[in-house]
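Subject: Structure for you to look at

Hi there,

Here is the structure I promised to pass on. Could you open it and keep it beside you while you read my notes?

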Amino acid sequence: MHRDVLIIDDEPAIRRLLMGALDRVGLSHVEAASAGEALRLAAGPQRPAVALLDLGLPDRDGLEIVPQLAALGVTIIVLTARDATEEKVAALDLGADDFVTKPFDSAELLARVRSALRRKSGALVDPHRRDFEGGSIDRAKHSVVIDGTPVPLTPREFELLWALSEKPGRVMTHTSLLETVWGAAHRDDLDYLRVAIRSLRKKVETDASRPKLVMNEPGIGYRLASLGDQSD
Amino acid sequence: MTDPTPERDAERFLRIARMAERGRLTVYLGAAPGVGKTYRMLQDAARRQAEGMDVVVGVAETHGRCETAALLQPLEELPRRMIDHAGHQLEEFDIDAALARRPDLILVDELAHSNAPGSRHPKRWQDVAELIVAGINVATTINIQHIESLNDVVAGFTHVRVRETVPDNILEHAELILVDLPPEALIERLQAGKVYLPDTAGRALANFFTPLKLAALREMALRFAAHSVDRRLSDDLETSGETGNFVAGERLIVAVSSGKGGARVVRHAKRLSDLLHAPWTAVVIESASARAVRGSQREQLADNLALAASLGASLMTVAADDISAALVDQARQLRASQIVIGKSRRTRWFEWRHGSVAQSVIRKANGAAVHVVPLDEADDKPEKPKEPFTIRANSIAVLLVAVTVGILQLVRPWIALGAIDLVLLLPVIVSATRLGLRAGLWAAMAAALSYNFFFTEPYHTLFIHSPAEVVTFAVLAVVAIVIGGLAGKVRRQAKTSVGVARLNASLARFAGLMGGLSGRDETARVACREIGGLLDVEAIIVALEDDAIVVRGNDKYGRIDAIDEAAVRWAIENGVATGRDTGTLNAADWQFHPLKTSLGTMGALGLARPSQERVIRPDDAVMLASLVDQTALAHERIVLEGQARQVDALRERDRLRGALLGSIAHDLRTPLTAVIAATEAIPVQGDYAEELRIARSESRRLQRFLNDLLEASRIEHGTIEPKWESVDMTDIVTSVLRDLRQDGPGARVATRIDSDCPFAFTDPLLLRHVLINLVDNALKFSSSGSPVDVEIDCSGDQVKCRILDRGPGLPDETEALFERFHRLEGGDRVGGSGLGLWIAKNFVEAVGGAITAGNREGGGAAFTIALPVASAKEKDGGPSDA
């Protein structure tokens, strides 16, 4: 029987809270208190779509099972402490989609889960076209349309937006964006990315000083606002 | 002269602190007797008394002059102390009465006076020094020729050497008042019988009173006074922390020799160091031959060194054979810019033979100025080391030759004549090597005569037949001289190295023993036992603990006499050797050496000897200095080890506290996460809406507290390691507003961001943390509904971020805001941990920025963070974008 969410946390109180929150919005779930249990469930008949993963697990480091879960096709949202930046970046680079910082707000958490589920279900109709909040990008036609208006982009800006729009809502680390758009040799040239993001925002945002589309996670990376999670 | 090192600073302040408690010394300085010093002193004293000062006359010599006696009339006079000496009643200044009376100012005439035997101090200047240490102001008088460093200059042109001298350092911090009288006027006064001259020295002193000599003395007095004003000026500059141009960086080194002339060289060096404001070091170079000098000369050397120490030099002894090389080497090590040496007037022949140390120093001195002080030969005649056992040795040498000749006579038929002179060399060489140069020469003479007498034709006569025999004679003599000289040198060197080796071995053993001890009592006991054994004396260690005398290290001496106690205190307070055989309190049974360490003086080492001879033999002075140093070091180590143990305990406690804090914070976080998630999952409505609202806001507050505590402990443990990157302030502000739920409809925060502002170079997460705190505070502090503004712009090479509210504003003392646990007065708004702004300040500074607070125009608070701009390297986002 298919389940929406796999809750992986060794704290029973947190698990019960998460289950309550998911129940209220009608999402089905299954819980695991250890890494081993989580892997067994993810590979089992319940085939959860999204995993809420606490990295502090009793049997193994949560980071270790990120690639395995991702390989099983599970969209991973990591639950971490506020100051664990390196942990977040590592999890994202290993294949996690998103993170939620503890102590979390259940409304925000649910929004992230819903966004992840949408990414999961949104079948790619056209491999050359990607939609995002308020616009779309078409690789074949090399065109970007925002609020119905075509926006001319430089090749670099286009590549950047294309990379971000693969999975709107998913956080892409600075390094992975730099590698994808500029190549592995430039993975540490953060200035390139900052400059390109700024010029991209001037073209696609209504107010470049209050971005709503190209969002930053300080010290971690960028994400494109996912469909439907504007202004919660 | 003034290195601006922390140690020097600390030393300076300690000195000033000590000076502040001390009495002031006013010295009335005259060029010659009769200029009116006492008169002037009494006049000033009367004026002071009229001004309400408590003035007492300790001792004043009127010399029967009625004008002076009249001045004494209104002043209180301390009764003199009567001392019996060899049937005479002597009147002396009563220092105990003065200390008990404690006036504001005491007059003690004639600073250079020698006290009668049996007084506390042998010299009056020592009485005065004690009064000053006790905090009593003293006025006194002195004539220029009594000042130690000028003593031989004056003697040089007046041919009168005064024995009563006062060390310069006592005048160092004194206020000098020059009592000046032109020579003509003084001579007039002398002729009018107004100048008192002591009977004994009357005729000699009369030598002073020629216009020429008086003029010279007057000039010296004027120069001395001027120089003293100079020094006080530089002292004042030092006190005020200013460093003027007078800092010359000069340092002076003087070679001290054992002769009487050594004292002259030392005094010369002192005068030079005064003129240059330079610290100076007196060095004794102990060559092998110098080590061989004995008795009176070593005492002379010790006296010369003591003189240098009393004139403010630091002392040093170096063992080396080449005097000039060792001296130049020391000068280089000490970075001395000036070298002072003495040079005897010797014949050219003497210099040619022995070489001149002065010449050689001048040749080797690299860049340093060399001052050569000419000495009379009598001053500095080195006593030739005596050859060992002369008469017996000479007889043995001749006997050796006789035995050789006897043997040669027996084997004569089998030896060629050519071999005989070679064989005769044998006793010469043996004598010269084993018995000394003189014995070698005797052997050479005996051998030459025997050769001539027994082995050359005509036999059994001393008739010289051929020039070859003269050559043989000469060869034998030269061999004796050369070998004798060499052997003598080798022997002396061997003796020196044996002596040095023995000294070093003793010191090493002592240091080894001291290093293994770990208690004050134990250290004292072992130190006393070893020092007693090495120097053949009785030893104790005395410490001042809570101002009480504690004697350690020797069970035989649990207590010491009152005079010894006084000597201990003097030694510890003044850092000089005191007591028996020294210049201070020499009626004491013990001689005390202060144990000086970097932590201060740790007590004193007391030494005594049951017999009447000197406690420390001159030969042992060097070893004693090392032993005192080692003992002081051992004491210092014990104290430091104690402190280190305490620090270790504190550090361990700190570590535990940090670990505890960390684990508490972690353990609190998890349940708090659940609480927050739970309260926020419940919709705020119904009967308990208000309670729920409280639960939500209080749990959020608890979370902030916890975060503040964790951040504070990170700051305190220095574990903040900023990750530097270029940061777009737009990103930070957007993220902050999202975190504070200020990015949607109903947001109270308005942003004004200059979107062309350069990137800042900083740590984004620390900066975000700071901004969250500041914006959250601004929201809380400003009245509900009023907006909070966040502005980003740039000026020059800084990115500025301002957080502005319309709340009650800040008090004037904005600096205090950033202190730990500072809370704003303001009724119900108070509620933070008091750490927020302190953390903000620490974080901003850690990321290379600065934070300031102030009030906004039109009311409200304004916080400004200034951050450095990232270096403009790639502005176009990569090559293909350009």
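This is a predicted model: local features need pLDDT of at least 70, side-chain atom pairs count only at pLDDT 80 or more; totals for chains, interfaces and linings use all residues.

Residues are numbered from 1 along each chain as its sequence is written, and chains are lettered from A and ligands numbered from 1 in the order in which they are written.

**Where the chains meet**

The contact draws 34 residues from chain A and 36 residues from chain B (contact: C-beta atoms, placed from the backbone, within 7 Å). On the chain B side, the elements giving two or more residues are helices H22 (621-681), H24 (729-739) and H25 (764-781) and strands E19 (725-727) and E20 (749-753). These are DSSP runs numbered from the N terminus, with helices being H or I of at least four residues and strands E of at least two. H22(B) gives the most, nine residues.

**Annotated segments**

An unreviewed UniProt entry lists residues 414-432, 439-456 and 462-487 of chain B as "transmembrane region"; such annotations may be inferred rather than shown by experiment. In the model, residues 414-432 of chain B are 84% helix and 0% strand, with end C-alpha atoms 28 Å apart. For residues 439-456 of chain B the values are 94% helix, 0% strand and 24 Å.

**A sheet and its helix**

In chain B, five strands make an open, mixed sheet in the order E20-E22-E23-E25-E24 (strands pair if DSSP finds at least two bridges between them). E20 and E24 (850-855) of chain B are at the edges with a single partner strand each, so one side of each has no neighbour in the sheet. E23 (residues 798-804) and E25 (residues 861-868) of chain B are antiparallel over seven bridges, and Arg802(B) sits opposite Thr864(B) in E25(B).

H24(B) packs on this sheet, touching E20, E22 (788-795) and E23 of chain B, and its direction makes about 175° with that of E20(B) (axes are lines fitted to C-alpha atoms, for helices over the stretch in contact; angles run from 0 to 180 degrees between N-to-C directions). Nine of the eleven residues of H24(B) are buried, so the rest of the structure largely encloses this helix; among them are Met729(B), Asp731(B) and Leu737(B). Buried means 20 or more other C-beta atoms within 10 Å of a residue's own, all placed from the backbone. Just after H24(B), Arg741(B) has a positive phi of about 55°.

Best wishes

Key: Two residues are in contact if their C-beta atoms, placed from the backbone, lie within 7 Å. A residue is buried if 20 or more other C-beta atoms lie within 10 Å of its own, exposed if 12 or fewer, and partly exposed in between; C-beta atoms are placed from the backbone.
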